[in-house]
Amino acid sequence: QVDAVRVYVNSSSENLQYPVLFVVRQQKGVLSWQVPLIFRGLYQRTYNYQEVSRTLCPTEPTPETRPSDQIIFVDVASMAPFNIAYELLVTRLENFQLETNKAFNFTASPSQPQYFLYRFPQDVDSVIINVVSDAAYPCSVVSVQDIVCPVYDLDHNVEFNGVYQSMTKQAAITVQRKDFPGEQFFVVFVIKPEDYACGGSVPSSIHGNVNRTWNLQRTKNLQVTIVPSIKKSVYVQAMFFSFLGFLSFYLGSVIVAFVHYIRVQRKASAGRLSPEHGSGMMTSSHPISASTPEGSSYGAIDESSSSGGRQLSSPERRPPAGSDTDSSVEEESDFDTMPEIESDKNIIRTKVFLYLSDLSRKDRRIVSKKYKIYFWNIITIAVFYALPVIQLVITYQTVVNVTGNQDICYYNFLCAHPLGVLSAFNNILSNVGHMMLGFLFLLIVLRRDILHRRAMEMKDIYTLDYGIPKHFGLFYAMGIALMMEGVLSACYHVCPNYSNFQFDTSFMYMIAGLCMLKLYQTRHPDINASAYSAYASFAVVISLAVLGVVFGKNDVWFWVIFSMIHVLASLALSTQIYYMGRFKIDGPDSDVGIFRRAVMVLYTDCIQQCSRPMYMDRMVLLIVGNLVNWSFAIFGLVYRPRDFASYILGIFICNLLLYLAFYIIMKLRSSEKLLPIPMFCIVATAVVWAAALYFFFQTLSSWEETPAESREKNRPCILLGFFDDHDVWHFLSAAALFFSFLVLLTLDDDLDTVRRDKIPVF
């Protein structure tokens with residue numbers, strides 16, 4: 001048992017010119033202070049205390065001395081020319097050593113800090129120090145220091161040694177036996193003279209002469225409990241759970257591929273894949289009727305509209321099979337390789353009824369290479385983005401480990417399990433799902449790509465003029481984006497804070513954007529955005545996200561500018577989608593001519609045709625989409641949400657879900673079918689996303705607040721005693737994104753035996 005002594009002094013003197021000096025000399029150290037004790041706050045504010053209480057650094061008994069023998073000298077002095085009354089009280093602490101799993105209550109103040117001793121039990125390698133308080137303020141600091149004298153237990157020096165956290169209502173520090181060779185440590189509790197470090201307000205008027213009433217106002221009741229942390233076996237179980245759980249997706253994919261292979265072989269042996277079978281599929285895939293401006297049915301077969309597609313996709317026009325493996329990539333200007341395309345596309349794309357053959361007229365090789373640029377560009381972006389990110393977070397983690405300042409990183413400290421130099425290994429491990437499922441998706445796309453190439457080499461009729469054109473570049477880019485989301489999310493969770501928040505969301509923006517581009521490209525392969533313009537747009541979005549976090553909290557001007565950009569971008573994109581990229585204001589060179597042309601287009605296309613637009617389905621989608629985006633813009637302008645990064649991500653996700661819902665509705669409306677695999681993926685996507693979002697909104701920390709306020713949201717682990725709610729979000733969101741990708745990959749598999757001049761465009 002270690003004995004500890006506490007010295008209490010009190011002086012009624014408020015004369016700062018002649019303080020009373022107290023010096024306590026021990027066997028291995030000297031401790032001194034003055035009364036009134038002066039603390040300095042923000043802007044050189046001063047706070048004076050007449051009551052001071054300090055715990056002397058304890059000494060362990062040696063064979064030469066008995067446990068109860070301690071020699072202490074207390075010197076009291078003052079330079080005052082008059083007598084000063086003071087009170088001195090020395091007491092022995094009865095509860096200086098903390099016990100495992102036993103709560104201990106005490107009170108502290110700025111001039112009366114507290115610290116206690118804890119020794120590791122024999123079978124415990126790691127403990128969690130849980131500190132709670134009913135009151136948020138006054139702001140306090142919890143520190144863990146080695147058994148070294150002197151103990152730094154005042155506001156101006158508590159950060160000099162050990163590990164520390166600021167605290168309002170809750171704090172938690174994980175301590176490992178290996179960090180303390182003596183297998184014991186001090187737990188120090190310091191009350192700060194001001195609350196600004198914890199997010200509190202600073203007194204408006206503080207005068208230099210402050211009496212002892214501060215002693216009563218700044219006291220705080222605390223409760224500390226030290227509990228054993230998890231054992232090494234839990235780490236092993238968590239890693240097995242993470243890897244085996246996602247390896248089951250690989251097993252499921254192998255089973256589905258094997259079943260599909262068996263079915264194809266059986267159909268091939270039975271002769272059920274003959275052209276006559278395909279013709280039967282075509283006749284059953286005509287869209288159902290709907291009202292049109294001319295009163296004809298939606299999707300009626302117009303020979304004039306599809307003849308061009310059939311003519312340009314004839315075998316004489318088609319390049320040799322397998323020639324798309326050429327490594328050369330044609331420039332953007334070479335995409336329209338046939339002269340008649342440029343002269344025809346203004347006419348073709350403005351027809352009332354468009355079919356896939358009208359928008360898949362370009363050379364398949366060149367279009368395929370165009371979409372492969374997405375894949376190569378995102379790899380380049382990922383390398384240049386990830387390398388400095390990894391270097392930065394390693395620096396952050398090093399700073400945390402060296403300085404002991406745990407206010408730098410916003411962990412869920414009640415469920416932060418260290419491993420090696422990493423402070424929260426569980427938050428990093430839970431991102432393995434994104435990387436494993438992203439790689440699995442790449443394998444699935446590669447298999448489809450190989451099967452398609454083999455079919456092309458065999459000159460299979462169903463790969464020439466049937467089904468959705470197979471371009472896999474965007475799918476490869478989506479797989480890489482999913483893997484990079486896992487890598488960068490893991491990097492962000494090495495030390496989550498205000499400075500590196502964009503690491504966790506950048507590739508989420510790109511994933512949402514790539515999904516929308518892929519969905520649009522499915523039935524508009526000739527007019528989709530180029531990789532360069534798409535990634536440039538993503539860069540603009542990420543830049544706006546950074547600016548929004550910096551300026552979006554209180555600056556109204558930023559929200560006005562952003563809302564205007566948002567609305568104008570929605571209108572511009574809607575115009576391009578409505579006119580299939582053929583809208584041009586090509587009036588005279590003068591500005592007046594340009595405005596005259598804009599007014600004419602607005603009058604003819606909007607006012608005259610308001611009751612019956614030329615492209616009704618597109619108009620309905622764009623009206624709903626613009627209403628949603630304008631609502632987001634108004635909401636942001638009025639409420640100015642603090643989490644701007646999540647606000648932009650919400651805009652992307654809502655637009656993606658809206659477009660996907662429109663696509664599925666139009667697909668069913670056109671008498672197209674949903675096969676079992678895409679139907680299963682749609683249901684799985686909805687269920688898993690719902691569960692994932694539930695855990696996403698369980699906020700466990702927030703870098704928008706002070707570290708102490710963020711810790712008020714901390715919660716214990718909920719899965720295997722190792723993973724918290726946010727880790728479960730990582731697991732479920734990875735699975736949800738994987739199923740979402742499979743929806744886009746398999747959604748139109750039912751059209752593989754349908755001629756392209758029978759597939760409507762919407």
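C415 is buried, with a relative accessible area of 0%. Buried here means under 20% relative accessible area, exposed means over 50%, and partly exposed lies in between (1.4 Å probe, protein chains only). The model is predicted, so local features need pLDDT of at least 70 and side-chain atom pairs count only at pLDDT 80 or more, while totals for chains, interfaces and linings use all residues. Residues are numbered from 1 along each chain as its sequence is written, and side-chain values use heavy atoms, with hydrogens and water left out.

C415 is joined to C717 by a disulfide, with an S to S distance of 1.9 Å. A disulfide is a pair of cysteine sulfur atoms within 2.5 Å. The torsion about the S-S bond of C415 and C717 is about 110 degrees, so this disulfide is right-handed. The pair links distant parts of the chain, 302 residues apart. C415 sits in the loop between α6 (364–403) and α7 (425–429). C717 sits in the loop between α17 (707–711) and α18. Helices (H or I, at least four residues) and strands (E, at least two) are DSSP runs, numbered from the N terminus.

The structure holds 4 disulfides. With the bonded cysteines numbered in sequence order, the pairing reads 1-3, 2-4, 5-7, 6-8. One of the disulfides is formed by C57 and C149, whose sulfur atoms are 1.6 Å apart. The link of C57 and C149 is left-handed, with -70 degrees about the S-S bond. These cysteines are 92 residues apart and link distant parts of the chain. C57 lies in the loop between β6 (51–55) and β7 (73–77), and C149 in the loop between β12 (140–145) and β13 (163–167). C57 is buried, at 8% relative accessible area, whereas C149 is partly exposed, at 32%.

C139 and C198 form another disulfide, their sulfur atoms 1.8 Å apart. Its torsion about the S-S bond is about 50 degrees, so the disulfide of C139 and C198 is right-handed. C139 belongs to the loop between β11 (126–132) and β12, and C198 to the loop between β15 (184–191) and α1 (213–217). The two are 59 residues apart. Both C139 and C198 are buried.

The nonpolar cores come next. A nonpolar core is a set of buried Ala, Val, Leu, Ile, Met, Phe, Trp, Tyr and Cys residues joined through side-chain atoms within 4.5 Å. In soluble globular proteins, nonpolar side chains tend to be buried together. The largest core here has 112 residues, and Y374 and L514 touch the most other members. Beyond its neighbours within four places in sequence, Y374 is in contact (heavy atoms within 4.5 Å) with residues including L474, L514, L517 and Y535. A second, separate core of 22 residues includes F120, V127, F180 and I226.

The whole structure was also searched for cavities. A cavity is a set of points, on a 1 Å grid over the protein atoms alone, where a 1.4 Å probe fits but cannot get out; lining residues have an atom within 4 Å of a point. The search finds 4 cavities of 30 Å³ or more. The largest cavity has a volume of about 170 Å³. Grid points are joined across faces, edges and corners, and a volume is the space filled by probe spheres set on the points. The lining of the largest cavity has 16 residues, with I468, K470, F475, L744 and L745 nearest its centre. Its largest share, 3 residues, comes from α18.

Key:
1 Å grid on protein atoms, 1.4 Å probe; cavity = no way out; pocket = protein on both sides within 12 Å on 5 of 7 lines; lining within 4 Å.
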